[in-house]
Amino acid sequence: MKKVIIANGSPRKKQNTAKMCESFANGVKEAGGKAEIINLYDIDFKGCRSCFACKLKEGKNFGRCSYPDGLSPVLDKISTADGLVIASPIYCSDVTGVTRCFIERLTFPFFEYKEGYPSIAPKKLKTAMIYTMNVSEALSNQMYPDMFDKTEFMITTVFEKPVRIFAYDTYQFSDYDKYVVEVFDKNDKLKHKEEQFPKDLQIAFQRGKDMVNNIEKS
Ligand SMILES: Cc1cc2nc3c(=O)[nH]c(=O)nc-3n(C[C@H](O)[C@H](O)[C@H](O)COP(=O)(O)O)c2cc1C
């Protein structure tokens with residue numbers, strides 16, 4: 001059975017990003033695969049410490065992140081998976097800091113400082129990225145013209161170019177009346193949540209199915 005790990009880089013376990021993760025996971029299961037969602041905010045870890053154990057000549061941890069914290073078992077689990085999804089809300093025009101730390105720890109050991117920066121990842125995982133954000137698609141294209149490429153650079157280099165899945169214009173507050181929000185209209189947000197978000201979830205579901213089918217074909 002093909003195994004897909006879904007890393008949720010949102011602190012909220014029941015909101016937009018989490019729902020997109022669940023939908024992707026359901027698609028994986030529908031196609032006969034096994035999906036596991038890992039909430040990165042539950043794990044006690046930080047970004048790369050620059051210890052360079054992963055680059056030490058003849059080192060026993062060459063090519064792997066051996067820093068002993070909560071992320072180690074997750075990285076081990078990913079090394080035996082067939083597919084990986086990284087999901088994050090956009091925070092301050094980027095993925096969340098926790099997602100960024102995760103990407104550093106996951107990819108840097110597989111990135112060799114050699115001509116052409118060859119990948120030494122033991123497995124070329126199928127990958128996907130899920131992004132959720134407050135802004136509309138048009139505004140995202142205008143505000144973040146190359147942010148997604150930059151975020152995905154290391155993932156593309158060590159594995160393959162990820163499939164991108166988006167949920168724009170997300171519903172951020174449980175009750176818009178309780179918060180100071182003048183730039184977003186609560187009725188527009190509600191309409192988008194009811195009309196567009198279910199379609200975004202459906203796309204995530206379909207991409208989950210596609211990932212398992214692609215893994216089986218490769
Ligand atoms: C600290 C913080 C910063 C944010 N920055 C942005 C941003 O730069 N651009 C944007 O479109 N949305 C931004 N948002 C909104 C979230 O990306 C959006 O509501 C997202 O769907 C939340 O995901 P969640 O429901 O899984 O928590 C921000 C939210 C927070 C809490």
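Ser88 makes contact (heavy atoms within 4.5 Å) with Gly9, Thr17, Val95, Thr96, Thr99, Ile130, Tyr131 and Thr132, leaving aside its neighbours within four places in sequence. The model is predicted: local features need pLDDT of at least 70, side-chain atom pairs count only at pLDDT 80 or more, and totals for chains, interfaces and linings use all residues. Residues are numbered from 1 along each chain as its sequence is written, and side-chain values use heavy atoms, with hydrogens and water left out.

**Ser88 and its strand**

Ser88 sits in strand E3, residues 83–91. Helices (H or I, at least four residues) and strands (E, at least two) are DSSP runs, numbered from the N terminus. Ser88 counts as buried because its relative accessibility is 1%. Buried means under 20% relative accessible area, exposed over 50%, and partly exposed in between (1.4 Å probe, protein chains only).

The Ser88 side chain has two polar partners listed here. One of its polar atoms lies 3.0 Å from the backbone nitrogen of Thr96. Its side chain also forms a polar contact of 3.3 Å with the side chain of Thr99.

Thr99 is one of the buried residues of H3, along with Phe102, Ile103, Arg105, Leu106 and Thr107. Cover for the buried residues of H3 comes from elements including strand E1 (3–8), H2, E3, strand E4 (94–95) and helix H5 (147–158).

**The ligand**

The ligand is surrounded by 17 residues, and the closest are Arg12, Thr17, Ile90, Thr132 and Thr170. A residue is near a molecule if one of its heavy atoms lies within 4 Å of it.

| Residue | Protein atom | Ligand atom | Distance |
|---|---|---|---|
| Arg12 | polar side-chain atom | oxygen | 2.8 Å |
| Val135 | backbone N or O | oxygen | 3.1 Å |
| Tyr144 | polar side-chain atom | nitrogen | 2.8 Å |

**Two pockets**

Rolling a probe the size of a water molecule over the atoms shows where empty space is left. Here a pocket is an open set of points on a 1 Å grid over the protein atoms alone, where a 1.4 Å probe fits, with protein on both sides within 12 Å along at least five of seven lines; lining residues have an atom within 4 Å of a point.

The largest pocket has a volume of about 350 Å³. It is lined by 18 residues, and Pro89, Ile90, Tyr91, Asn134 and Gln172 are the closest to its centre. Helix H1 (16–30) and E3 each supply at least two lining residues. E3 gives the most, with three. By class, this lining has eight nonpolar, nine polar and one charged residue. Ala, Val, Leu, Ile, Met, Phe, Trp, Tyr, Cys and Pro count as nonpolar, Asp, Glu, Lys and Arg as charged, and the others, Gly among them, as polar.

The second largest pocket has a volume of about 200 Å³. Its lining holds 16 residues; Arg64, Leu75, Ser79, Phe110 and Pro122 lie nearest the centre. Helix H2 (72–79) and helix H3 (97–107) are the elements that give two or more residues to this lining. H2 provides the largest share, four residues. The classes are 10 nonpolar, two polar and four charged.

**Gly27**

Gly27 belongs to helix H1. Gly27 is buried, with a relative accessible area of 0%. Not counting residues up to four places away in sequence, Gly27 touches Phe205, Gly208 and Lys209. Met143 is 116 residues from Gly27 along the chain, and their C-alpha atoms are separated by 31 Å.

Technical notes: Polar contact = N/O pair within 3.5 Å; in protein donor to acceptor, adjacent residues only side chain to side chain. Points joined across faces, edges and corners; volume = space filled by probe spheres on them.
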